[in-house]
Amino acid sequence: MTGFRLKTGGEIDRARPVTFTFDGESVTGFAGDTYASALMASGHMVMGRSFKYRRRRGLWGAGVEEPNVWLDITCGAGFAPGRRATTEPAQHGAVTRAATASPSAERDATGAFDWFGRFIPSGFYYKTFMWPDWHLFERHIRAQAGIGTVRRDFTDVPPADRIHHHCDLLVVGAGPVGLAAAVMAAEAGARVMLVDEQDRAGGSLLAHPAVIDGQAAPDWLAAALARLAAAGARVLMRATAFGSYDHGLVAVNQRHDDGRSDTMWQVRPHHVLLATGAIDRPLPFANNDLPGIMSAEAALVYLRRYAVAPGRRVVVATSNNRTGAVAQALAEAGVAVTLVDARADATAPAGIALIRSRIIEAHGRRGVRSVTLADGQRIDCDAVLVSGGLTPTIHLYAQARGKPAWDAEKAAFVPGSTVAGMTLAGAAAGQFTLAGAFAALPEALAPLGLPLAAAPVTGAAPRYEIAAMWPEPGEKGRVWIDLQHDVTAKDVELAARENFTSVEHLKRYTTLGMATDQGKTSNLAGLALMGALTGRTVPQVGTTTYRPPYTPVPYESFAAGRRGVRFNPVKRLALESAHRAAGAVLREYGGWLRPAFYGTDDSAILIEAKQARESAALFDGSTLGKIEVMGPQAEDFLEFVYYNSIRSLKPGRGRYCFVLSETGVVFDDGVLLRLAPDHFIVSCSSSHVDGMRGLLEEWRQDRFDPSRVFIHDATQHWATLTVSGPQARAIIAGAGVEADLSDDVLPHMAIGAGRFGDQPLRIARVSFTGDRSYEISIRATQAAPLWAALRQAGSDHGAVLLGMEALTILRAEKGYLIIGKDTDGTTLPQDLGLTGPLAKKSEEFIGRRSLILPDAADANRRQFTGIEVTDGLGPLPCGAHGVEDRDGRPRSLGYVTSSYFSPTLDRPIALGLIERAQARQGEEIAFQHLGQRRRGRLVAPCFLDPDGGRLHG
Amino acid sequence: MADTFDRAAFWPEPAAFAQDIPGLSVRDLPELPQAYVSGDLAAFLAAGALAPAVGLLGLAQGDRYAVRLARHRLLVVGIEPDAGWNPGGWGVTPVGAGLAVVAVTGPRWRDFFARATPIDPDAASASAAFLLGDGLPAILTRHDAPDNLRLHVGRATLPALHDWLGDCLNAMAR
């Protein structure tokens, strides 16, 4: 192709030149150019390399259908890899390079791949590169695939905006039909949104002249936009409706050219009208991928919008009656044109040379230089424009489960079944004349139920006529079908020979239609050829499933800023500032940011754990769930929810209980506190609050009278400050807390009231450390003075601030389990040694029926146990498997769930789930981790103070 | 020094939020008395001489008002009745320290709402509870004026809301 810029015309601003580089070479265009049009105007022919064979490629299309030319674009601080040259506005100072070539499109280092084309057809990687090991070759093959290079240093992407929008009518496509529909609906009172992927409205009017309602197209276009604005319609350009989702959601990605990330619009219209047009198809002939061969419709767009002619001696090859207009436009621009029309009754515009034939082969090396026709003629040329017919763009319709129907007369799939809430109009509906499309608008808009004005009127045009031309079996030479994925007719024939004849197998075996263009210019030809090979029609071969996105969408558009601190936000403690000030190392635990330890290195952990036992510890337990259950049926409700029986629990007392799932698996544990006959606090694991609340709500609504039992999550209202250790009582009193903490009034597992200044307190005597312990709950926003007072008082008694790491050691010394760490998705209460309720509780509870299944009684179940290290090699690795050797191979008996060095006991301790542990107490077994063998003895899980005397110390 | 896996630097220390853009002003409000009430809501409202509970974007007025959350649950704002089960047929749990309140004020509240939730602002919802932004549980009403919104979120999730608000307002300001 030796494209050149016409002296006049186009939408470009010739007063504003734009200069950029392409593969190191300077290129000058104008404001309003795309990179594609600027490159074409400057005579560039080879602009890329094909995906597999690294063949030279030039432009095919003018929009999103472009399969060949991809650029990595660096402009200022911005970097955009793998962008279509046809949809990116040319930016002054940009540095672009062909994304599929190295070092350049002209001189690609891997161009020799094409010489070996016959050895690397579709599916070659299933048959070759197997010896000695596929993995030796896989990495290099994958490195050659893909489009564009990710720059790992480029992370500065502004967050994308996400906007939800509701309207009566979403019109997709701002061509003449979409514009007319939007105007009709908006002026009838509908809330209308109109979107188009191009940078300006007009669609086909930008390339095809027309007279509408007596006005020339540009005037009609301007007037339509003004009427839309006056009617309050929202019009978005550079906005691609890329996906049709459940419940009528349509996703639209809007580009911006000012450095902003894209905007993701999630539109929920009452009705969608797709006026998405149609895409020109290629023609099949040998070497139909040479640079200089492009879509006839695209060439017209370059001519009219950018004032760029594709060449000076152009062959226009077609199989339909729309392409004569392209030939005429080129001739008027001074180009020598020959029209080659495959239809026997073809005619040509006046002055255009016509040959009734078809191209069978294109010739050239760096680009097309001539073509050979079926009648033997050879025509020299520097560009070939082809049109194999129009393929309606029905993607959003098909994504919405619309079933396309085959229209043999138009040689295209058109909309078939109806889709609720969606209609199509114009070329998308198979109406290839503007007059016909306008006439059909009232019916397309009828579902709105509005009094609509008359549709526009334009002059009649000839009916669309086409002689379908598909690739034929056994055709000589290399006939390209899918330009982007380098799939040829021979690949389809290979698939048929190997019995991959279903459309789904055809697609996956050849990768036809799987590139980023999603087969926009290739799918139909592949289906037709497979049909010819297998004696089926095109509709009998069928189509694959249409899935979003219609065109590539940046990840950031989906993320909409949800990264960094917004990716998985944590909950924050009311006393976080105090913890930071005290030197806490903070980590995420169960969705909260909590102190791990206090100090500059983790040696602090063992110090905290030891000192907690010797004097006292203060820790922030605010994250523990505090779900209040109240009402006349609260007791009945909780008796059902808990594995343990709770009816005997008196007001002012607490009980350690378990909740099971319906499968009998231990779901959560915690202390249930009874404040009054009809008022309870369900204390649950910090990470399980939402799950527990959901479980409680589900059973409240499904099994109980929801007007007699109620659930309030008060977790975040209270800060819970825990004082633990032999000095705990003295510290609390010394802090100025007014409460009777005598053992008579507040025994272990009881709850009482207190005050700190004017703030009421709830004080629960509950222990997670095994030592005397008080959980003091205060209004979260008033916690700081109490914490300060406790710390002050604690300093007089050698109290230490306790982080999560030390806390987990203390509880492990007592054998207190952590749900989800010392239990897994199969752990039943009997695996923990808790068989009492199952044996004695007479009332129904969640999971009861699962506990009597045969699997629950299996003697070989994994059971909770303590593990004493016996090989003197330090703590066992967490996750190490208990193993027994059978027939020379190790068999897992279970695994270590918790493992620490205990500073109080001065030795390692561990907990685990081991097969038949309860019957194997005292037995020494082997443990294996990453190839290393260890030894440990199964013991009772409580390593310290088994009689519980420290609870009252 | 060995890596302590300290995440304190990754998570910025929470701070109060206040940001103004043309057409919208967003800022944290001081703590408000609030309580969940469940049960015979009509009896509770009558006993407290409160107006009917408002739903999503409903206009609440005055210092004491009720917000409907569910079939048997509301949030009362401006008072914290005694906790526990009331013989009148309702249960109360104070949550004034547990729910932070943010004021969103200005004529561009619709643009804000369009970024906050897929809910149609013109379709009334009896429940004022919804998921906001990145999935934060929240409650939203108007207060005293149509352009004056009040957003309630769990206090522990307030910094996460602030992070989302910053990005939202920056996008709106462009």
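User: In this predicted model, which residues are linked with Asp289(A) in a network of salt bridges?

Analyst: The model is a predicted one, and in it a network of salt bridges takes in Asp289(A) together with residues of both charges. Side chains of opposite charge can pair when their charged atoms come close. The residues linked with Asp289(A) are Arg55(A), Arg57(A), Asp114(A), Arg478(A) and Asp486(A).

User: Is Asp289(A) buried or exposed, and what class does Arg55(A) fall into?

Analyst: A residue counts as buried when its relative accessible area is under 20%. Asp289(A) has a relative accessibility of 2%, so that residue is buried. Arg55(A) has a relative accessible area of 11%, and therefore its class is also buried.

User: Which strands hold the two residues of the salt bridge between Glu868(A) and Arg937(A)?

Analyst: Glu868(A) and Arg937(A) form a salt bridge through their side chains, at 3.3 Å from N to O. The two residues are 69 residues apart, so that the pair links distant parts of the chain. Glu868(A), at 25% relative accessibility, is partly exposed, and Arg937(A), with 28%, is partly exposed as well. Glu868(A) is in strand 47 (residues 862–869) of chain A, and Arg937(A) is in strand 52 (residues 932–939) of chain A.

User: What is the accessible area of the nonpolar surface patch that contains Trp115(A)?

Analyst: Trp115(A) is placed in the loop between strand 8 (95–98) and helix 2 (134–144) of chain A. With a relative accessible area of 70%, Trp115(A) is exposed, because exposed means over 50%. Trp115(A) forms the nonpolar patch with Phe116(A) and Phe119(A), and their accessible area together is about 440 Å².

User: Why are helix 16 and helix 21 of chain A called oblique to each other?

Analyst: Two packed helices are described by the angle between their axes and the distance between the axes. Helix 16 (residues 603–614) and helix 21 (residues 804–813) of chain A have axes 8 Å apart, and their crossing is right-handed. Angles of 65 to 115 degrees count as roughly perpendicular and those under 35 degrees as roughly parallel. The two helices pack at an angle of about 50°, and their arrangement is therefore oblique.

User: At roughly what angle do the axes of helix 10 and helix 12 of chain A cross?

Analyst: The axes of helix 10 (residues 489–497) and helix 12 (residues 523–534) of chain A come within 10 Å. Helix 10 passes helix 12 in a right-handed crossing, and the two helices are oblique to each other. The axes cross at roughly 45°.

Technical notes. Residues numbered from 1 in each chain as written. Chains lettered and ligands numbered in written order. Predicted model: local features only at pLDDT ≥ 70, side-chain atom pairs only at ≥ 80, totals over all residues. Heavy atoms only, no water. Patch = residues over 30% accessible without salt bridge, like charges linked within 9 Å, V, L, I, M, F, W, Y side chains within 5 Å. Areas by Shrake-Rupley, 256 points an atom, 1.4 Å probe, with all protein chains shown as cover. Salt bridge = Lys/Arg side-chain N within 4 Å of Asp/Glu carboxyl O. Helix = DSSP H or I, 4+ residues; strand = E, 2+ residues; numbered from the N terminus. Buried < 20%, exposed > 50% of the residue type's maximum accessible area, 1.4 Å probe, protein only. Axes fitted to C-alpha atoms, helices over the stretch in contact; angles between N-to-C directions. Parallel < 35°, antiparallel > 145°, perpendicular 65-115°, else oblique. Left-handed = near helix turned anticlockwise from the far one by under 90°.
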